[in-house]
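Q: Could you take me on a close look at a single part of this protein? I would like one connected walk-through, with some of the surroundings at the end.

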Amino acid sequence: MTSENPLLPLVRAALHGVEDPEIRRPITELGMVDDVQVDDSGRIFVRVLLTVSGCPMKSEITGRVTKAVEAVEGVHGVDVELGVMDDEQRGAMRQMLRGGQAEKEIPFAQPGNLTRVIAIASGKGGVGKSSVTVNVALALAKQGRSVGILDADIYGHSIPDLLGIGEARPTVVDDMIMPVPALEGLKVISVGMLKPSRDQVVAWRGPILDRALTQLLSDVYWGDLDYLLLDLPPGTGDVAMSLGQKIPSSEVIVVTTPQQAASEVAERAGSMAHIMDQRVIGVVENMSWLEMVCPHCHESHRMELFGAGGGVLVAETLSERFGYDVPMLGQIPFDEALLAGGDRGVPIVASAPDHPSAEAMLELGRHIASHKRSLLGTRLPLATN
């Protein structure tokens, strides 16, 4: 009986440390390692099965496997061959990932789920809701939290562009969608990623919107998340109502700007969340002021371009209306680097963390992470005999 080459168990152990970049689980656990061989010279052959033939991460997977195996002492070369899973292998992987759960079950709505689902809402467009979403997500990820972003803004899905992944498309394994990896390990999915082309207009209403949100919540393999942030469409429409019905334990942050007109409509977004029995955990005021160096006195002055006091007014009004404290979570200064970072696809928390706007976002992330979910103001699944 021929004994096993002593390099083989070492190579298999190294491969167990290689994660699929989209699913973020070891490729050995996913059943992706189909064959491992070693010849007399210490050269290793590894056959890896991709989930689908057009996997956009095949180069990344090849590189990760090569790097891991080359690091094993005694290995003198690596050959990686890529294959594709058959239907039975994909089915086994899906069943393992879902843990036997029903295909259309929304994991975040299940009892015992530990993911905090936070919707970022606004009464009107143009207040920087999406910029707040991506920067707060990065702020949480920088604290070591596992964070997903669901761009549920059906008509203005800008999250992919803000993160520099506007051309990315998710891998679809049969009917299971893999979120696209982004900065700091963020997992991102957007309606825009599911369109055949970027310029296609999404013209959905009512029941279709409801089904789309269900698909994004249930058919996407999110894995174990600490936080899922949802960038909602502005206003109080179908998506906001559907979220409250599907995940009643979700929380809401209301984004506004300082002017009174914006604060009045922001109150409506908070009121809609309250109607759906969601807890509003706070208000964020964006574009609060602009720091300018005076050309005459050369001192720094704050210019309140859009007025002042809108965020505080929203927080006070909602607190009085709901009967519990809705705090002012933070004020985000207007910053040219914030706009430039969004245009480049590198949010300010990643590109210029020492800027005042980035510091405000980082502090907002720390505040959210340090405060546990409260049951006050939320609907509980109580039953009476």
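In what order do the three strands of the open sheet lie, and what is the pairing?

A: Happy to! Please keep in mind that this is a predicted model. The strands of the open sheet run in the order S1-S2-S3, and their pairing is mixed. Strand S1 (33–38) and strand S3 (78–84) are the edges: each has a single partner strand, so one side of each lacks a neighbour in the sheet. Between neighbouring strands, the average turn is 15 degrees, with direction ignored.

Now look at the pair formed by S2 and S3. Strand S2, residues 44–50, is parallel to S3, and seven bridges link the two. As a general point, the strands of a sheet pair through hydrogen bonds of the backbone, in a parallel or an antiparallel way.

Helix H1 (residues 7–16) touches S1 and S2, and its direction makes about 145 degrees with that of S1. Helix H2 (residues 58–70) touches S2 and S3, and here the angle of about 145 degrees is taken with the direction of S3.

Among contacts with a separation of 6 or more, 75% are between residues 24 or more positions apart.

Elsewhere, helices pack against helices. Helix H4 (residues 129–141) and helix H12 (residues 356–370) have axes that come within 8 Å and cross at roughly 65 degrees, and the crossing is right-handed. Among the residues that meet there are Val132, Val136 and Leu140 from H4, and Leu362, Leu364 and Ile368 from H12. By class, this contact holds nine nonpolar and three polar residues, with no charged ones.

Helices H8 (residues 260–275) and H9 (residues 310–322) also pack, at an angle of about 35 degrees with their axes 9 Å apart. H8 likewise passes H9 in a right-handed crossing. The residues in contact include Glu267 and His274 of H8, together with Thr317 and Arg321 of H9. This contact divides into five nonpolar, six polar and two charged residues.

Terms used: Residues are numbered from 1 along each chain as its sequence is written. This is a predicted model: local features need pLDDT of at least 70, side-chain atom pairs count only at pLDDT 80 or more; totals for chains, interfaces and linings use all residues. Side-chain values use heavy atoms; hydrogens and water are left out. Axes are lines fitted to C-alpha atoms, for helices over the stretch in contact, and angles run from 0 to 180 degrees between N-to-C directions. Helices (H or I, at least four residues) and strands (E, at least two) are DSSP runs, numbered from the N terminus. A crossing is left-handed if the near helix is turned anticlockwise from the far one by less than a right angle, and right-handed if clockwise. Contact means heavy atoms within 4.5 Å. Ala, Val, Leu, Ile, Met, Phe, Trp, Tyr, Cys and Pro count as nonpolar, Asp, Glu, Lys and Arg as charged, and the others, Gly among them, as polar. Two strands pair if DSSP finds at least two bridges between them.
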